[in-house]
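Dear colleague,

Please find below the structure that I am handing over to you. I would be grateful if you kept it open while reading the notes that accompany it.

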Amino acid sequence: MSTPFQIDVFWSMRSPYCYLALDRLLEMRQCWVVDINIRTVYPVAIRNPEFFKTVSPHYRPYHLLDSKRIAERLQIPYRRPIPDPIIQDMSTNEIATDQPFIRRLTRLAAAAEEQSMALQFQDKVMRLIWNGETDNWHEKLHLHNAISSAGLDAAALENAVDSNPAHFDAIIEQNQDDQASGGHGGVPLFVFEGEPFFGQDRMEALLWRMQQRGLSARSV
């Protein structure tokens with residue numbers, strides 16, 4: 001078998017566009033000899049809490065419209081999460097100082113990344129958060145069960161994050177540094193051989209570039 005091509009995918013768990021790219025990433029891995037390295041970063045609201053106070057007033061309404069439209073076109077079950085992974089006052093765009101949901105999610109994703117199981121983790125956990133089937137995804141055993149269904153030891157992952165959050169924040173910070181070096185600050189950002197492809201609508205261009213470089217199809 002050919003040596004797999006490598007794609008780094010910089011990913012936010014608050015981004016609907018990451019969720020909407022998920023099925024195509026799984027299909028890409030199934031059909032082509034490629035390793036997809038999910039590298040989770042904190043959303044812009046965490047990295048720059050002033051962001052939503054300075055963007056155009058059209059930003060959020062268009063974002064909501066566009067993500068819903070893409071989900072409808074691709075026939076992907078989709079609803080904004082309940083609760084939002086980011087605690088934010090939508091009337092003022094104020095980002096709360098304490099952010100337990102997104103910090104836990106992102107650290108758990110980093111722990112899965114450390115075990116080379118990041119895509120499997122995102123496959124289950126992003127669906128839990130975004131597909132509209134579960135309210136209050138953060139309660140009961142919803143998140144624990146989603147992690148387990150990804151083939152990970154959920155209790156061990158949770159214990160690791162609880163016992164040493166700084167270790168996983170260091171992984172996230174490295175991902176954020178590498179994202180900045182990759183050529184764009186948005187998500188999903190795909191980087192192949194140093195070339196950035198920003199946005200779920202650039203996946204065809206990414207595949208085209210890899211095929212130019214000799215990407216091999218997987219044997220059936």
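This is a predicted model: local features need pLDDT of at least 70, side-chain atom pairs count only at pLDDT 80 or more; totals for chains, interfaces and linings use all residues.

Residues are numbered from 1 along each chain as its sequence is written, and side-chain values use heavy atoms, with hydrogens and water left out.

The sheet

Helices (H or I, at least four residues) and strands (E, at least two) are DSSP runs numbered from the N terminus. Two strands are paired if DSSP finds at least two bridges between them. On this basis, 4 strands form an open sheet in the order 2-1-5-6, with mixed pairing. Strand 2 (34-40) and strand 6 (195-198) are at the edges with a single partner strand each, so one side of each has no neighbour in the sheet. On average, neighbouring strands are turned by 25° against each other, direction ignored; axes are lines fitted to C-alpha atoms, for helices over the stretch in contact, and angles run from 0 to 180 degrees between N-to-C directions.

Strand 5 (residues 189-192) pairs with strand 6 in the antiparallel sense over 4 bridges, and Leu-189 has Phe-198 of strand 6 as its bridge partner. Strand 1 and strand 5 also run antiparallel, joined by 3 bridges; here Leu-189 is the bridge partner of Phe-10. Both faces of strand 5 are covered, with Leu-189 and Val-191 buried on one side and Phe-190 and Phe-192 buried on the other. Buried means under 20% relative accessible area, exposed over 50%, and partly exposed in between (1.4 Å probe, protein chains only). In the hairpin of strand 5 and strand 6, which has 2 residues between the strands, Glu-193 takes a positive phi near 50°.

Helix packing

Contact means heavy atoms within 4.5 Å. Helix 7 (residues 142-149) and helix 8 (residues 154-163) have axes that come within 8 Å and cross at roughly 115°. His-144, Ile-147 and Ser-148 of helix 7 meet Ala-154, Ala-155, Leu-157 and Glu-158 of helix 8. By class, this contact has 4 nonpolar, 2 polar and 1 charged residues; Ala, Val, Leu, Ile, Met, Phe, Trp, Tyr, Cys and Pro count as nonpolar, Asp, Glu, Lys and Arg as charged, and the others, Gly among them, as polar.

Salt bridges

The structure holds 15 salt bridges, each defined as a side-chain nitrogen of Lys or Arg within 4 Å of a carboxyl oxygen of Asp or Glu. In one of them, the side chains of Asp-23 and Arg-127 meet at 2.7 Å, N to O. Asp-23 lies in helix 1 (residues 16-31) and Arg-127 in helix 6, so this pair ties together parts that are 104 residues apart in sequence. Asp-23 is partly exposed, with a relative accessible area of 35%, and Arg-127 is partly exposed at 24%.

Arg-104 and Asp-162 form a salt bridge at 2.7 Å, N to O. This pair links distant parts of the chain, with Arg-104 in helix 5 (residues 100-114) and Asp-162 in helix 8, 58 residues apart. Arg-104 is partly exposed, with a relative accessible area of 29%.

With kind regards
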